2 protein chains.
Amino acid sequence: MTTQALGHQLMVEFYDCDKQMLDDLAGIEKAMQDAAIVSGATIVEKVFHRFSPFGVSGVVVIAESHLAIHTWPEYGYAAVDLFTCGTEVDPMKGFELLEERLGSQNMSVVEMKRGLLPQANGVHKPLAVDAEMPDFAKNGNGAGNGHFQHSNGNAHTKVA
Amino acid sequence: MTTQALGHQLMVEFYDCDKQMLDDLAGIEKAMQDAAIVSGATIVEKVFHRFSPFGVSGVVVIAESHLAIHTWPEYGYAAVDLFTCGTEVDPMKGFELLEERLGSQNMSVVEMKRGLLPQANGVHKPLAVDAEMPDFAKNGNGAGNGHFQHSNGNAHTKVA
């Protein structure tokens with residue numbers, strides 16, 4: 001039985017960053033927005049917040065999932081998550097942009113596959129609908145769902 | 001050398017969920033908000049978005065980091081991240097609430113420590129400030145920073 005992942009998540013630890021940058025709300029928001037764009041993602045919404053006395057948290061919701069950041073300027077550290085789905089988005093480009101913008105001199109990246117679906121399991125095949133499935137699942141045409149606009153074209157997820 | 005983590009992240013795969021629930025924007029938003037509250041987190045902002053023809057993405061930014069969800073109703077699957085810092089927040093309570101609300105019959109959880117700081121490294125000690133550190137880091141009183149309101153009281157992160 002083979003499996004495939006609906007999503008991929010990069011969990012990045014950026015150490016030894018530019019501390020002033022980590023406390024710059026506008027700079028962090030711009031960097032995260034640019035990271036989404038350079039990765040080829042479609043921005044849906046974003047929220048950014050600066051804490052007192054320091055630290056910024058922010059999330060960019062993209063059609064292909066989300067990018068999130070939390071900064072600890074006093075430690076020169078930022079935690080970044082780049083969660084994407086599909087093969088048209090390349091979160092490594094966002095990672096590289098953020099590495100440069102944050103001035104990180106030391107980092108680590110963990111990549112995790114999310115939503116591993118057994119291809120042999122008929123339950124997960126959108127075309128294998130039956131009377132017990134909810135109405136939305138009976139619509140075999142998933143085009144327009146951001147989750148699938150960037151699917152990898154595999155018969156398991158291809159909907160357009 | 002001992003280390004300590006600034007944050008903890010639960011990455012949850014909720015399989016075999018209630019498919020109608022996964023497509024219910026208001027229900028998902030309420031569940032995520034309640035998950036934050038039951039975990040003891042302080043909600044800062046939230047954004048939720050429903051995709052066409054189906055699927056919901058949403059993030060609750062909390063003072064202690066964030067909770068995020070992405071649903072694939074057609075697969076009965078939801079990816080949930082519960083990223084918190086400090087010891088006063090218990091994300092497992094949020095996990096249990098979501099398990100019940102989403103009706104998940106099958107799940108997995110990966111826990112990851114974020115921001116591992118070497119305690120022996122003076123650079124990361126907020127009280128060990130010097131002339132080269134930015135102004136914000138010279139303020140030894142970090143009270144009010146959401147990242148630290150819920151710190152574990154260890155001398156390494158205690159700021160109030």
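Residues are numbered from 1 along each chain as its sequence is written, while chains are lettered from A and ligands numbered from 1 in the order in which they are written. Because this is a predicted model, local features need pLDDT of at least 70 and side-chain atom pairs count only at pLDDT 80 or more, whereas totals for chains, interfaces and linings use all residues; side-chain values use heavy atoms, with hydrogens and water left out.

For the complex, the predictor gives an ipTM of 0.76 and a pTM of 0.77. Where pLDDT is low, the predicted coordinates should not be read in detail.

In chain B, an open sheet of 6 strands runs in the order S2-S3-S4-S5-S1-S6 with antiparallel pairing; here helices (H or I, at least four residues) and strands (E, at least two) are DSSP runs numbered from the N terminus, and two strands pair if DSSP finds at least two bridges between them. Its edge strands are S2 (43-50) and S6 (106-118) of chain B, each of which pairs on one side only. Neighbouring strands of this sheet are turned by 10 degrees against each other on average, direction ignored; axes are lines fitted to C-alpha atoms, for helices over the stretch in contact, and angles run from 0 to 180 degrees between N-to-C directions. Helix H2 (residues 25-39) of chain B packs on the sheet, where it touches S2, S3 (56-62) and S4 (65-72) of chain B, and its direction makes about 155 degrees with that of S2(B). Strand S1 (residues 3-15) of chain B pairs with S6(B) in the antiparallel sense over 12 bridges, and within this pairing Ala5(B) stands opposite Leu116(B) in S6(B).

Arg50(A) counts as partly exposed at 35% relative accessibility, whereas Asp23(A), at 11%, counts as buried; buried means under 20% relative accessible area, exposed over 50%, and partly exposed in between (1.4 Å probe, protein chains only).

In chain B, Glu29(B) and Lys46(B) meet in a salt bridge (3.0 Å, N to O), which links helix H2 with strand S2 across 17 residues. Glu29(B) is partly exposed at 24% relative accessibility, and Lys46(B) is partly exposed at 34%. Arg101(B) and Asp34(B) also form a salt bridge (2.9 Å, N to O), with Arg101(B) in helix H3 (residues 91-102) and Asp34(B) in helix H2, 67 residues apart. Arg101(B) is partly exposed, with a relative accessible area of 31%, while Asp34(B) counts as buried at 14%. Finally, salt bridges that share partners join Glu13(A), Asp81(A) and Arg114(B) into one network.

Methods:
Contact = heavy atoms within 4.5 Å. Salt bridge = Lys/Arg side-chain N within 4 Å of Asp/Glu carboxyl O.
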